[in-house]
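Here are my comments after going through the model you sent over. Have it open while you read, and tell me if anything looks off.

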Amino acid sequence: MRAFQIDETDGLRCEVVEAPTPPRGDGEVLVSVQWSGINYKDAMVAEAKSRVRRVSRLIGGVDAAGVVVASDDPDLAPGTAVAVHGGVLGVARDGGFADYVTAPRAWISPLPAGLSPHDAMAMGTAGLAAMASVLALEHRGALDGEVLVTGASGGVGSIALSLLAARGHSPVASTGSPSAAAWLRTRGATRVIGRDDVADRPDRVLATPQWAGAIDCVGGATLASILRSLRYGAAVAASGLVAGPELATTVYPFITRNVALLGIDVVEAPPAVRERLWRELATTLATIDVAALVERTIGLADLPATLDELRAGTVRGRVLVDPAAH
Ligand SMILES: NC(=O)c1ccc[n+]([C@@H]2O[C@H](COP(=O)([O-])OP(=O)(O)OC[C@H]3O[C@@H](n4cnc5c(N)ncnc54)[C@H](OP(=O)(O)O)[C@@H]3O)[C@@H](O)[C@H]2O)c1
């Protein structure tokens, strides 16, 4: 089969190779990949001296969708449409940038009726994180007013905008890409602000309370600004670190405004949680123009250049990978 391999055994090489169809271990499922998608983590895995990749050589791709070829589980008969993601897929074992992938049963989610492998990867891990963030804010009751979405032109951010708008909320997009403003409005943003406009009063511990809730995949100073500018009782769902892993804050937002910092993870989420997220996505997507979330479709050979673009923060929305495209 064709596969996109990252090999740092002797200098870094990222290239399309011919590889054997992956063997299926005990309890594992073999999936024929129809679509994969690019996530920020894929760009981190394909870097020299990556802090995320745990082996020197592997096939990349932290998620994929397609149909079951072989499994021991009667619920996963050959031909069942599934998504594959999470655990150490594409990080410490071969991932979805290939014609076939194998994975433990716990990383496989049967797709709900009506959700095709293409649309599942238009969401991908980014969409699951966006959905989990929306549900966390809804559970907290933190959506009665403007909801800030940071990193808005990226995968998690753009999907979060669409999901919030589709579920009747009022998302505000924060972006470092002014040229994306019109596109972000078509994705559901009621207004668009710059990266530096998340909070005012930089000289004060607390900023003017503005946001009923926030979905942040940026981290670093952005997350600290969000905490300073949340309204009383509001919450931020934090899933990412594109601006860095550090968080310099004070306890004041928590003890004087009763705000909450809600951690979001979908990579280690148990199967029941994943399947609920896919079901919620399928329901909400029925009212969304999914095709508009996909910036482009590429083949395996286009991955190195596209991963560079993702690192540079210039990709808008989702990029899908068709392993069969040459
Ligand atoms: N916790 C989980 O389970 C989970 C799941 C999926 C993803 N994630 C994480 O979520 C984050 C986003 O993933 P993604 O796939 O959406 O990435 P992405 O498509 O690359 O989007 C990230 C966006 O962040 C903004 N950005 C980029 N560099 C920045 C910087 N230095 N400072 C501030 N903003 C910057 C850009 O948007 P603008 O130009 O619009 O500002 C960019 O489009 C990553 O850290 C990823 O690992 C976590």
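The points below go from domains to core to helix packing, and end with some individual residues.

1. Ground rules. This is a predicted model, where local features need pLDDT of at least 70, side-chain atom pairs count only at pLDDT 80 or more, and totals for chains, interfaces and linings use all residues. Residue numbers start from 1 along each chain as its sequence is written.

2. Domains. Where they touch, 8 residues of domain 1 contact 12 residues of domain 2, a contact being two C-beta atoms, placed from the backbone, within 7 Å. On the domain 1 side, those residues are 3 nonpolar, 3 polar and 2 charged. For these classes, Ala, Val, Leu, Ile, Met, Phe, Trp, Tyr, Cys and Pro are nonpolar, Asp, Glu, Lys and Arg are charged, and the others, Gly among them, are polar.

3. The core. The largest nonpolar core has 102 residues, and Val-84, Ala-130, Val-147, Ala-160 and Val-236 have the most contacts inside it. Helix α2 (residues 117-140) supplies the largest share, 13 residues, and both domain 1 and domain 2 put in at least three residues each. A core here means buried Ala, Val, Leu, Ile, Met, Phe, Trp, Tyr and Cys residues joined through C-beta atoms within 7 Å. Buried means 20 or more other C-beta atoms within 10 Å of a residue's own, exposed means 12 or fewer, and partly exposed is in between, with C-beta atoms placed from the backbone. Helices (H or I, at least four residues) and strands (E, at least two) are DSSP runs numbered from the N terminus.

4. Around Ala-160. Which residues does Ala-160 touch, not counting those up to four places away in sequence? They are Ala-130, Ser-133, Val-134, Val-149 and Ile-215.

5. Helix packing. The axes of α2 and helix α7 (residues 271-285) come within 9 Å and cross at roughly 105°. The axes are lines fitted to C-alpha atoms, for helices over the stretch in contact, with angles from 0 to 180 degrees between N-to-C directions. That makes α2 and α7 roughly perpendicular, a label for 65 to 115 degrees (under 35 is roughly parallel, over 145 roughly antiparallel, the rest oblique). From α2, Asp-119, Met-123, Gly-127, Leu-128, Met-131, Ala-132 and Leu-135 meet Leu-277, Glu-280, Leu-281 and Leu-285 of α7. By class, this contact has 8 nonpolar, 1 polar and 2 charged residues.

6. Two positive phi values. Most residues other than glycine have a negative phi. Lys-49, in the loop between α1 (40-45) and β4 (57-59), has phi near 50°; with 7 C-beta neighbours inside 10 Å, Lys-49 is exposed. Asn-258 has phi of about 60° and sits in the loop between α6 (252-256) and β14 (260-263). Its 13 C-beta neighbours inside 10 Å make Asn-258 partly exposed.

7. Two pairs to look up. Arg-204, in the loop between β11 (191-194) and β12 (211-216), is exposed, with 11 C-beta neighbours inside 10 Å. Arg-204 and Arg-228 are 24 residues apart in sequence and 9.1 Å apart C-alpha to C-alpha.

Note on methods: Domains from an automatic or database assignment.
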